[in-house]
Amino acid sequence: MKILTKKKGPKISKYIYGHFAEHLGRCVYEGIYVGKDSDIPNVNGMRTDVVEALKNIDIPVLRWPGGCFADEYHWKDGIGALESRKTIVNTHWGGVTETNHFGTHEFFELVRQLECEAYVNGNVGSGTVQEMSEWVEYITMGGTSPMADWRRKNGQDEPWKMEFFGVGNENWGCGGNMRPEYYADLYRRYQTYVRQYGDDKIYKIAGGANVDDYNWTEVLMKNAHSMMDGLSLHYYVHPQGWEKKGSALDFDEAEWFVTCEKADHMDELITRHSAIMDQYDPEKRIGIIVDEWGTWFNVEPGTNPGFLYQQNTIRDAMVAAITLNIFHKHAERVYMTNIAQTVNVLQAMILTEGDKMVKTPSYHVFDLYKVHQDAERIDSYGDDLPQTMTHTVSKKENIVNLSLCNYAVTGSEQVIVDFEEVKNVKSARYIVGDKMNAHNDFDHPEDIVIKEFSDFALEGSTLKATVPAMSVITLQFEV
Ligand code: AHR
């Protein structure tokens, strides 16, 4: 593989490394928010261990409150004194009690602690235009107004910064079962009242397609492209299909490869949705926002089926690396993505049990890959990498980053890379599985951790590396 390190490429948006926390199962409650009176160490109710772990992977943006929950969420239920907040039923996720103790103020406190940006998803499915418009006013209005005054009364003087706002979620399904023509009109109407009160522009995201519903993209772009900044896309990997999905821990080699191939399908989805967008937006002003992606397996035996709790193995790490490499490849169009979901739900970064916490293999991929955030993508040429290998090369200031993922199950691969120019190796780190379902749990939290990688040699500017099966590696070079 030849890499022209001096050639300019597109910026890999840091928002590709975004996360998603829904009021679903034990993601927000228990996983992130335990309340001020909890014995679990916390700051203003937010678990210190989880906040620290997420900061370590440079979380750039967090999407909240859903998901399907977003189109049932009425934000006014979640402000004011905790004891006076309305208790409701989370009808979509397990029919459990929702105390509304984690609301707008708590979300922005979390964002403050994470030092990340906010992506709030509004309610189109069961909310009014006025409700959505007042939420935006409550969050972002600096001057005197009914909502800004109410926010002050509730303890927050200054407006918050809300960089991203989603106008509904999955409005083809749980967000109202709409036809694209109908949603496109609703989008035009609702987004009108997502006002900009201060100097900061709110990036407006229209609810996009389910997987390969190209007609949805066509209709939305045709009818509303001038009124949106981003268009979402949702795609999950379930190896055995939607009905049966498959187990997170118990699978064979055939299922391993089906999972990786299904992850690779993201490339075709982005290529084809993007081609439709190109007809209306050849400049690529509108970003593709993949605000839900990742593996979706059967829930762990004995857990609430509505909580979507699944283990996370080295196979999930392969899915994460394959998918991130695809997002980088489409850096000209993909502006933000949010893996589902941050803690205890689907392809989580973190699992918790009481006061214990483990970092998953997927977490470690986000750690290995954080060097690509806002770096310039560098294309490689003449590559005949093995079929089971995917990669990214990027450059930031005087550092070139090379990430390689080998999703073969056995054997290792020799890779020879000719850089146009590199000097020293700055760092070489990797994760590797010794079996297909290698994972971390509360008794063995460090079976998969990032280790130093040493099976390589740099001669001049030629790198020779032996890449093990089931591994993800990031090498950094000074240029
Ligand atoms: O992430 C879980 C669910 O998947 C979300 O609530 C919904 O948007 C999607 O169907």
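This report looks at a ligand site and then at one helix. The model is predicted.

**The ligand and its surroundings**

Of the 13 residues, Glu22, Cys68, Glu170, Tyr236 and Glu292 come nearest.

| Residue | Protein atom | Distance to a ligand oxygen atom |
|---|---|---|
| Tyrosine 236 | N or O atom in the side chain | 2.7 Å |
| Cysteine 68 | polar backbone atom | 2.8 Å |
| Glutamine 341 | N or O atom in the side chain | 3.1 Å |

How much of the ligand does the protein bury? Taken alone, the ligand exposes 280 Å². The protein buries 94% of that area.

**Helix H1**

Helix H1 covers residues 48-56. Which of its residues are buried? They include Val50, Val51, Ala53 and Leu54. Seen down the helix axis, the buried residues of H1 fall within an arc of 165°, so they line one face of the helix.

What covers these buried residues? Two helices take part, among other elements: H2 (104-114) and H9 (361-369). Strands S4 (46-47), S14 (350-353) and S15 (356-359) are also part of the cover.

Aspartate 58 follows H1. Its phi is positive, near 55°.

How values were computed. Residues are numbered from 1 along each chain as its sequence is written. This is a predicted model: local features need pLDDT of at least 70, side-chain atom pairs count only at pLDDT 80 or more; totals for chains, interfaces and linings use all residues. Side-chain values use heavy atoms; hydrogens and water are left out. A residue is near a molecule or strand if one of its heavy atoms lies within 4 Å of it. A polar contact is a pair of N or O atoms within 3.5 Å; within protein, one must be able to donate a hydrogen and the other to accept it, and residues adjacent in sequence count only if both atoms are side-chain atoms. Accessible areas come from the Shrake-Rupley method with a 1.4 Å probe; for residues, only the protein chains shown count as cover. Buried means under 20% relative accessible area, exposed over 50%, partly exposed in between (1.4 Å probe, protein chains only). Helices (H or I, at least four residues) and strands (E, at least two) are DSSP runs, numbered from the N terminus. The arc is that of the directions from the helix axis to the C-beta atoms. Contact means heavy atoms within 4.5 Å.
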